[in-house]
Amino acid sequence: MGKTGRHSRTIRTGAAVVALAGASLAGCSSEPTSLLAQGKIEIGSKGDQPGTSYSPHDGEFNGFDITVAREVLDRVGVKVTSSDFEGVLSKNRAHALHEGDVQLIAATYSITERRMKPKPEGGDGLDFVGPYASTRQGILVRTADAGRYKSHSDLNGRLVCVWEDTTSAAELKRSAYSQIRTVEMTDARDCVKALKEKKVDAVSTDQLILYGFMKDDRSLTVAHALTFGPFNDYGIAMAKGHRDDCEKLQQALMDYAQSNDWDRDFQINLPLVPKEDRDEARPTGDEIASQSCRDKPGNAKVDD
């Protein structure tokens with residue numbers, strides 16, 4: 001597939017977490033009741049990200065996150081429908097898992113060392129199954145203004161919207177981007193609304209998410225050349241304490257990611273993503289193995 005940049009990097013982040021009610025165990029040697037054997041699984045997803053995780057009507061969910069969750073669970077014999085998904089905010093994802101509001105999260109959740117670390121060690125106490133897709137951070141602007149944004153310096157002094165508790169918000173706080181003004185809002189819907197109403201100059205988050213917004217509204221455009229930071233790797237998340245379930249889902253994801261189904265589903269949900277970026281987004285088996293069902297990613301660096 002002509003994989004180059006992302007697939008030769010040192011693995012640092014990843015995405016998506018699967019969690020379980022009240023589970024905060026550092027190790028996984030003692031397995032509680034299997035999540036996969038319960039017959040019904042509730043999955044937390046975003047409701048405001050067209051193309052990745054979207055709820056256009058109450059009780060209905062679609063997008064690549066949703067499709068991946070269904071495909072992976074189907075491969076372990078668990079059938080899910082729209083009624084098994086419910087909306088979560090970015091800042092509430094880990095909390096929803098540990099409180100038992102949902103058992104899994106598929107919501108463009110980036111795998112990081114802090115999120116994977118057991119809670120007694122100061123982490124979020126989550127296991128990931130992933131990555132199922134990877135992307136760099138980018139910029140969404142109004143189509144009429146797109147020609148103004150060709151380099152990072154074109155964002156100096158501009159007001160860029162990000163949402164709370166995301167790796168994108170953290171990235172733009174780095175000193176390298178000190179001349180870019182940022183404002184944090186609750187979630188994607190608020191930022192995109194502010195952009196369309198000309199209250200901010202741009203929105204920044206993962207490019208795959210931004211391409212979903214671009215497809216939904218062609219008055220908005222991804223500034224393709226402007227990217228930030230390392231790749232964010234999305235995974236399905238669960239609370240620690242269910243390593244057997246995690247490893248079953250890992251194998252199912254590896255089978256899915258290496259099949260033509262992954263390509264089909266990606267193109268259906270995110271058709272505007274350029275082919276070179278689609279190839280970069282697709283995970284290898286080694287990447288999935290190095291970041292799934294662990295207390296830290298393989299060869300991980302410490303989060304910034």
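Which helix gives the most to the lining of the second largest cavity? I began with this question, and the helix I found is α1 (residues 64-74), which supplies three residues of that lining.

**Ground rules**

I noted that this is a predicted model, in which local features need pLDDT of at least 70 and side-chain atom pairs count only at pLDDT 80 or more, while totals for chains, interfaces and linings use all residues. Residues are numbered from 1 along each chain as its sequence is written, and side-chain values use heavy atoms, with hydrogens and water left out.

**Cavities**

I searched the whole structure and found two cavities of 30 Å³ or more. On a 1 Å grid over the protein atoms alone, a cavity is a set of points where a 1.4 Å probe fits but cannot get out, and lining residues have an atom within 4 Å of a point. Grid points are joined across faces, edges and corners, and a volume is the space filled by probe spheres set on the points.

The second largest cavity has a volume of about 30 Å³, and I listed A69, V72, L73, L104, I236 and L249 as its lining. I sorted these into six nonpolar, no polar and no charged residues, taking Ala, Val, Leu, Ile, Met, Phe, Trp, Tyr, Cys and Pro as nonpolar, Asp, Glu, Lys and Arg as charged, and the others, Gly among them, as polar.

For the largest cavity I noted about 90 Å³ of space. Of the 15 residues that line the largest cavity, R93, T108, T166, T205 and D206 are the closest to its centre. The lining of the largest cavity divides into three nonpolar, eight polar and four charged residues, and α4 (167-171) and β10 (202-206) each supply at least two of its residues. Helices (H or I, at least four residues) and strands (E, at least two) are DSSP runs, numbered from the N terminus.

**Second largest pocket**

A pocket, by contrast, is an open set with protein on both sides within 12 Å along at least five of seven lines. I recorded a volume of about 210 Å³ for the second largest pocket, whose lining includes S134, R136, H224 and F231. Four residues, the largest share of this lining, come from α9, and by class the lining has three nonpolar, five polar and four charged residues.

I then looked up R243, which is found in helix α7 (residues 243-257) and is buried at a relative accessible area of 16% (buried means under 20%, with a 1.4 Å probe and protein chains only). Its side chain makes a polar contact with the side chain of D127 at 3.0 Å, a polar contact being a pair of N or O atoms within 3.5 Å, where within protein one must be able to donate a hydrogen and the other to accept it, and residues adjacent in sequence count only if both atoms are side-chain atoms. The backbone oxygen of C293 lies 2.9 Å from a polar atom of the R243 side chain.

C246 lies in helix α7 and C293 in the segment after α10 (285-291), so the pair ties together parts that are 47 residues apart in sequence.

I counted two disulfides, and the other is formed by C161 and C191, with sulfur atoms 2.0 Å apart. C161 is in strand β8 (residues 159-163) and C191 in helix α5 (residues 188-196), 30 residues apart.

Definitions and conventions: Buried < 20%, exposed > 50% of the residue type's maximum accessible area, 1.4 Å probe, protein only. Disulfide = S-S within 2.5 Å.
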